[in-house]
Amino acid sequence: MHRLYTRSPIAKIMWGILSSLVGIIALLMVLVSENPRMEAQTINWEGRSIENGAKLFSDNCVICHGPDGKGILGRGPGLNSYYFFTDTGRLKDVGWVGSLEDYVKLTIAAGRPSKTESQWPEVMPTWGGQFGGPLRGDQVVDLTKFVMNWEGSALAQTPDEDPFQPFEDVIRPTEFQNTAYILLSEEEQAAALEEYRARNIRSPQEIWTGEACFACHNLEERQVDVYGQNGPNMADLYERAGSRVEGMTAEEYVYESIVNPAAYLVETYEQAGKMPQNFAEKLSEDEIQALVAWLLNPDREQ
Amino acid sequence: MGLQENIRDKGVLGAVAAQADDVFTRLTAGIDAGEFRRMLQGEPPGRPNPRLKPHSEGFLLHIKPTYYHESVTRFTHTYRLGLLSTYLFIVETITGILLMIWYAPSPERAYVDMILLLTNIPFGQFLRDMHRLGAEAMVAIVTLHMVRCYLTGSYKPPRQFTWFTGVLLLVMTLFLSFSGYLLPWDQLAFWAVTIGTSMAEAVPPAVVGETVNLLARGAPDIGANGLLRFYLLHVLFLPLLLILFFFVHYYKVVHFGISLPADEEEVGEDTANRVPADKRVYYLPDVLVDETSFLTVMTALLIVLTVFFFQAPLEHIANPQSTPLHTVAPWYFYWLQGLLKIADKFIAGVLLPGVLLVLLMAIPYLDYNPSRRGKDRMVAIVAGIGAGAVMIIWSWMGTPEYAVEGAPSVEIVQDVMPEEGSGLSREIGYKHLPLGVWRTDEEYDVHDHEFMELLHEFNSAVDYYRRADPDFNAPIGILTITQAQPKLKKLNWEITWFSADGKEGEYKKTFWLHEDSLYWEQYGWKHLFMGYVADGWKSLSGALAGE
C-alpha cells in the first residue's frame, strides 16, 4: 500500500519548516495588502449602503421628493438640488451649524412633526425607530448616504436647473431661496436684499406680529410682563426711553436696542442674547425708523 | 550544590554550562541537553528510558501516552483526524477570542461590527475568514473521524463509551458551529437560525415545544435576546461543555489505546497496555515530531486556503420583515432541510433526527458482531455506506435544487440578479452594464463581452422556463438600465408572459448597483487579493525608499 506519510523524522521536519515558511509568506502578503484591502472594503460597504438607501428611497420617499429627488411641485422639496447641497443655501437658511449629512440624518429620523401648519400638504413624517418611526437606525444611515450621493449631480446644476422649492418659514425671503441668489457675491446679495426690502416695506404693526416681538414685550398694560421675565414692558416706553442712557435721545436709544439688543440691558432683564441679534439684517433702514417712531408714539394704533 | 562549589569544581565555563543544562532540563520537564542531542541524532534511549520523564513530571505531556503501537502511527490508519479535530478547536478558540474584541452581541451593533471588522481592522477579514473556514473544517473533520472509526469497527469493546462520547462531541461541534451562524446578524444567519429553532417548536406537546423555542430565542421571534443567548451558547456554554466531553473522550482513547488495524487486534483485547517492546514507538521524539509537523502542514494549508480562496459570506443586515428567496440551512444541516421538505415538521425535525442520534450513539451496544475485520462485517459496512448515501441524497434535497420553485418570472430574475449574493449582473459589475433598454426578443451587438454574456444568460433563463412551464407562454424579458445617481445605476427587470388561458402576467423587480460595490461571493475579491498585495508593496517600498 502506498504510504501517504513518510516515517523519516528528517523528512517530517523538512515538511514542517517548508509549510511554516509558506504560512509566514502568506501572512506577510496579507500584512502588505491590508491597507489597500481595507480601503476597497470601506468604499465597497459605502456603495452597498447607498444601494440599500436607493431601495428605501424608492419605497418611501419618491411620492413627495420625486423619483429623481428633485421634489414635486407643491408636494415636497427637492433634495437633488444645488441650493440644498451648499453651505450658504438651505443650511444657512435653517441656521444649522452641523454638517449637511447630520442635518439629513436628523430630518429623516425625527421628521418635522412639530409643524402643524406646513406649507406642504403633509409634514415630513418621523422615520427613525428611536422616535417611533418605521425604520431601523442602519436604514436611516443608508437613506442618508443615498441622499448625500446626489452631491455630485446637485452641485453641477445651473440656477435654472435647480429644482429647489422655497420654504416659507425661514429668515431669508422665499424670493432669495434659490441658487441664482446664493451664487451672487456678498455685495450683490446685500444689494438685492436691500432692493427687495425697499419694494416690500412692512408696517410697524406687521413687524411687531410678524417677528413675534409681542411674545416677549408687553405693549398694552403697564408694568406687566409677558410670561414672567421675558422682555421689558414697553407700554410706557415713550416715558422712559429718553432718560435711559445719558446723551441719547429716546429715538437713538430704541434704535440701538433693536439693531444691537445687547448694548443696554434693562435691569432684571440682563440675559444678553435672548433677543435675536439679526434685526439689522432682517429689517430695512426705513422699517426700523418707522418701528422706532411707532413704539415711541403714545397714541399708536395697535 | 551551591554555585561557589560548582565553580570551584568545574571552573566558570563548566559551571555556566551546568547551570544552562539545569534550566534546559527544567523547561523540558526532564530532558537534559545531551539527551535532546541524542534524540535529534536518532539514537535509542538508555535504560531506564529518560524520555519518559516529561510524561510523569510535565503537565502538558501527562495526558499523552508514553508510547504507541507501531501500527497505529501509520498515517493511513487514523489519518490523524482526532488530533486535527482537537487542533481545529484550538484554532477556533484563538481566532474566536480575537474576534470577540470587536464584537458586541446586540442587533444594533453586531452587523455594524462585522463591517467595521472588514473595513477598519488589520487582519480582521483574515480572522473572520479563518474562523469560519476552521468551523466548517471542524464539522467536516469530526464527521470524517467518525466515519473512519465506524469503518474500522473501532467502536467495538472495550471502546463503546469512547464512541458514545465521540457522538456527543459531534453533536456539540454541530451546535457550536450553528450557534456561531447567527452572530453576524445578516439575512443568511437570521433565517437559517429562524428555521433551525423553529424545529424545536415541533416537539410535542405544544407547550413543551413552545417553551423550548422560547428559551432558545428569548422571545417568540429572534431578536436582541435570542442573539445574546446564541452568543453565550457559542462563546461560553458549548465550548466549556465540549472541553469537558473532550477530556472524557480523550481519557478513554488513552486508557484503551487507539484501536489497531483489524487483523492485528482481537475484539476486547487491551492493546494499549500490552504493546510488545519491539512494536513500541515512543512519544518522544518520534510521535511528537510526527504530530507537530502534521499540524504545521495543516496550519499552513488553513492559512493558504483562507488567504487565497475562502471568503466568509456577509449578506444584507437581518430583516425579520423580509424572507429572502431560497433560504438555506448551513451545509451540514442540508439533510435536515431536505427531510423537512418531504415530511412534517415533527417527524422530520424532531423524531427522525432524534432516532438517528440515539441509533448512532447505540451502535456499539447494538452491534454484536465480534469481528472488526472488513470481510466479516459486510452488513455493517454496506449499511454504513448506505446511510452515508442517504444522507447525501437528503442533503441534495435540502438545497434549492430540489422541490423549491417559485414563479418562473421570480426564478429568472433570481438567476441573473438574486436578492442575496451576487449573480452574473453583480459579478460583471457597474462598468459592464450599459445604460439602455435591453429586451430578450431582440438581438444586440454590444462590444462588451461580459454584458453580452449577461444578456445571453437572461435569454436562456427566459427560454428555459418558457419550455418548462406551460403557464408561461411567449415571455419577454426587459432589462432597463438607467443612471439613478452619480456612480449608481438602477436595473429594472421586467418579465411579461401569457398564462395557459391567455391572461397576461407581469413581474417587476428593481435593484441598484453602485460603482464601488464588490460582490465577491462568487467573484473578484480573492482575485483582487494579488492586486492589493502589489498596491500595498508599492506604497510600502515607496515609503521605505523616500524615508
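This is a predicted model: local features need pLDDT of at least 70, side-chain atom pairs count only at pLDDT 80 or more; totals for chains, interfaces and linings use all residues.
Residues are numbered from 1 along each chain as its sequence is written, and chains are lettered from A, ligands from 1, in the order in which they are written. Local features need pLDDT of at least 70, side-chain atom pairs count only at pLDDT 80 or more, and totals for chains, interfaces and linings use all residues; side-chain values use heavy atoms, with hydrogens and water left out.

**View 1. The interface of chain A and chain B.**
The size of an interface is often given as the accessible area lost when the parts come together. Here chain A and chain B bury about 4500 Å² between them. Buried area is the accessible area, with a 1.4 Å probe, that two parts lose on being put together, summed over both. Carbon and sulfur atoms give 67% of that area. The contact draws on 47 residues of chain A and 56 residues of chain B; contact means heavy atoms within 4.5 Å. The count of residue pairs in polar contact is 14, both residues at pLDDT 80 or more. A polar contact is a pair of N or O atoms within 3.5 Å; within protein, one must be able to donate a hydrogen and the other to accept it, and residues adjacent in sequence count only if both atoms are side-chain atoms.
On the chain A side, the elements giving two or more residues are helix H1 (9-60), helix H6 (137-148) and helix H7 (151-155). H1(A) gives the most, with 34 residues. Helices (H or I, at least four residues) and strands (E, at least two) are DSSP runs, numbered from the N terminus. By class, this side of chain A has 22 nonpolar, 15 polar and 10 charged residues. Ala, Val, Leu, Ile, Met, Phe, Trp, Tyr, Cys and Pro count as nonpolar, Asp, Glu, Lys and Arg as charged, and the others, Gly among them, as polar.

**View 2. Salt bridges between and within chains.**
Side chains of opposite charge can pair when their charged atoms come close. A salt bridge is a side-chain nitrogen of Lys or Arg within 4 Å of a carboxyl oxygen of Asp or Glu. The count over all chains is 31. Between chain A and chain B there is 1 salt bridge. Asp290(B) pairs with Lys12(A), with the closest N and O atoms 2.8 Å apart. Within chain A, Glu195(A) and Arg199(A) form a salt bridge at 3.0 Å, N to O. About one helical turn separates Glu195(A) and Arg199(A), because they are 4 residues apart in helix H9 (residues 186-199) of chain A.

**View 3. Domains of the two chains.**
Domain bounds come from an automatic or database domain assignment. Chain B has domain 1 (3-62), domain 2 (77-329) and domain 3 (408-516). The C-alpha centres of domain 2 and domain 3 of chain B are 41 Å apart. Their contact takes 6 residues from domain 2 of chain B and 5 residues from domain 3 of chain B. These two domains of chain B bury about 560 Å², with 48% from carbon and sulfur atoms. Between them are 0 salt bridges and 2 residue pairs in polar contact. The domain 2 side of this contact in chain B has 2 nonpolar, 3 polar and 1 charged residues.
Chain A is divided into domain 1 (65-182) and domain 2 (201-296). Their C-alpha centres lie 35 Å apart.

**View 4. Backbone details in chain B.**
A cis peptide bond joins Arg47(B) and Pro48(B), with omega about -5 degrees. Pro48(B) sits in the loop between helix H2 (33-40) and helix H3 (53-57) of chain B. Another cis peptide bond links Leu284(B) to Pro285(B), with omega about 0 degrees. Pro285(B) lies in helix H13 (residues 283-308) of chain B. Arg80(B), a residue other than glycine, has a positive phi near 55 degrees. Arg80(B) is in the loop between helix H5 (75-78) and helix H6 (81-100) of chain B.

An unreviewed UniProt entry lists transmembrane regions in chain B, among them residues 163-182 and 230-251. UniProt positions are given in the numbering used here, feature names are shortened, and annotations may be inferred rather than shown by experiment. Residues 163-182 of chain B are 95% helix and 0% strand, with end C-alpha atoms 30 Å apart. Residues 230-251 of chain B are 100% helix and 0% strand, with end C-alpha atoms 30 Å apart.
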